[in-house]
Amino acid sequence: MARFVTIAAGQLGPIARSESRTAVVSRLMALMRQARACGCDLIIYPELALTTFFPRWYFEDQAETDSFFEREMPGPETQALFDLAREIGIGFYLGYAELTTEAGIARRYNASILVDKSGAIVGKYRKVHLPGHAEHEPWRAFQHLEKRYFEPGGGFGVVDAFGGKMGMAICNDRRWSETYRVMGLQGVEMVLIGYNTPVHNPPAPEHDDLSLFHNHLVMQAGAYQNGTFVVGVAKAGLEEGVDQIGGSCIIAPSGEIIAACTTKGDEIALARCDLDLCNSYKRTTFNFDVHRQPRAYEMIVERKGVTTMADGTPVPRRG
Ligand code: ING
C-alpha cells in the first residue's frame, strides 16, 4: 500500500530590500496556486522567505535590524497566505525571522513553520546551526551575520502531518549529519529545508565552484542515511548584489533527486512521494535498532570540537 504526499518545492528568485512583505506574499500565493493546480498537498518555501537575506549587511541600529522580523505569525501581511492555503486546501513550510519575548526578554530566531491544509500551524522550528560571524568583518565582499542577529534553536522535532512524519531544518543545518540523524531517530519520513546560499563563501572561495555540488551532496546523504525524503528549497539568484545558488530539489530515501528546479527565479518543482518507500531503508540497511552502536559514538555528544568538550572545557589529554 502507498502513502502518497504530492510536494512542490516553491523556489523564490531574489527579494529586493525594498520589496514589501505584501508583494512577496503575492509571489508566494502565485506559487501556491500553481502547486495546488498540479495536485500538490504541500509547498515548501525558502528560509527567510518574506524579506531579502538581511544578514548580508552589518546594522548598528537594532530597530533597523528588527524591521526584517515578524512579531506575529500569521501577521497582517501574511494572513492572506494562510487564508489561501485553507481556501484551496494545501499546506506549506515557511521560513521567516521571528521576534518574540520569553520571560520579558526579546528573542530573535531564524525560524520556520509547518502549516496544514486547514491553515493551522502544526510545527515550529528554530535554526540550530547559525553560520557566519557575530561582528562586522569589512574584509568580506558581504557579511554573514546570523550569529549576530539570531539565537540558536533548541533542537530538531518531528510532527505527524500530511499522513507521515515531517521534520524541519534551515539552510546551514543541512550541512551537518547530526541534523538528519536526530530526526531519523524520531522516524522522520520527510525533512523540509529552506535555504539562502551565496555562490561565494568569503572564508573559502575555493569552494565556490562546488557550491551546487555540496548543496546536493549533503541533502542526498542525509536522505539515504536516514531513509527519508528531503526537500531543499532555495531563495535563488542575484539578490542585492549577492548571487545565491538555486538547486532546489526533492530527494527520495534512496538518495536520488526525483525533481529539481532549473531556473534561479520563482519556480515550482513537483514530485508525488510515496512515504512507504522510506521503509525499504529504515527496515534494512538503516534499521537503527538492529545496527547502530551508540556507545561508539559518545564523542559526538561529549565534544564540541577537536580541542573542547561540549561544556567548553578542554578535551582531557589521555594518559
Ligand atoms: N547560508 C549558507 C549555508 O549554509 C554557508 C552559509 C554557505 C556556509 C557556504 C558554508 C558554506 O548554506 C545559510 N543561510 O546558512
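A cavity, as the word is used here, is a set of grid points where a 1.4 Å probe fits but cannot get out, and its volume is the space filled by probe spheres set on those points. The model under discussion is a predicted one. With a threshold of 30 Å³ or more, the count comes to 1 cavity, and the largest cavity has a volume of about 30 Å³. Its lining consists of F53, R56, F142, Q143, H144, P198, V242 and Q244. Sorted by class, that lining has 4 nonpolar, 3 polar and 1 charged residues.

A pocket, in contrast to a cavity, is an open set of points. The largest pocket has a volume of about 1,500 Å³. It is lined by 48 residues, of which H129, N172, R175, W176 and E178 are the closest to its centre. Four helices, α4, α5 (177–184), α6 (211–226) and α9 (298–302), each supply at least two residues of this lining. Helix α6 gives the largest share, with 7 residues. The classes represented in the lining of the largest pocket are 21 nonpolar, 15 polar and 12 charged residues.

Attention may now turn to helix α1, which covers residues 21–37. Its 17 residues reach 24 Å from the first C-alpha to the last, close to the 24 Å expected at 1.5 Å a residue. The buried residues of α1 are R21, V24, V25, R27, L28, M29, L31, M32 and A35. After α1 comes G39, whose phi is positive, near 85 degrees.

F54 lies in the loop between β2 and α2 (62–66), whereas F150 lies in the loop between α4 (146–149) and β6 (158–161), so the pair ties together parts that are 96 residues apart in sequence. Are these two residues buried or exposed? F54 counts as buried because its relative accessibility is 0%, and F150, with a relative accessible area of 4%, is buried as well; the cut-off for buried is under 20%. Both residues also belong to one aromatic cluster, formed by F54, W57, F59, F68, F69, Y149 and F150.

The backbone remains to be considered. Most residues other than glycine have a negative phi, and most peptide bonds are trans. Against that background, a cis peptide bond joins M73 and P74, with omega about 0 degrees. P74 is placed in the loop between α2 and α3. A103 is not a glycine, yet its phi is positive, at about 55 degrees. This residue sits in the loop between β3 and β4 (105–115), and A103 counts as exposed because its relative accessibility is 81%. E240, again not a glycine, has a positive phi of about 50 degrees. The loop between β10 (237–239) and β11 (242–244) contains E240, which counts as partly exposed at 37% relative accessibility.

How values were computed
Residues numbered from 1 in each chain as written. Predicted model: local features only at pLDDT ≥ 70, side-chain atom pairs only at ≥ 80, totals over all residues. Heavy atoms only, no water. Expected span 1.5 Å × (residues − 1). Buried < 20%, exposed > 50% of the residue type's maximum accessible area, 1.4 Å probe, protein only. 1 Å grid on protein atoms, 1.4 Å probe; cavity = no way out; pocket = protein on both sides within 12 Å on 5 of 7 lines; lining within 4 Å. Nonpolar A, V, L, I, M, F, W, Y, C, P; charged D, E, K, R; others polar. Phe/Tyr/Trp six-rings, centres within 6.5 Å; stacked < 30°, edge-to-face > 60°.
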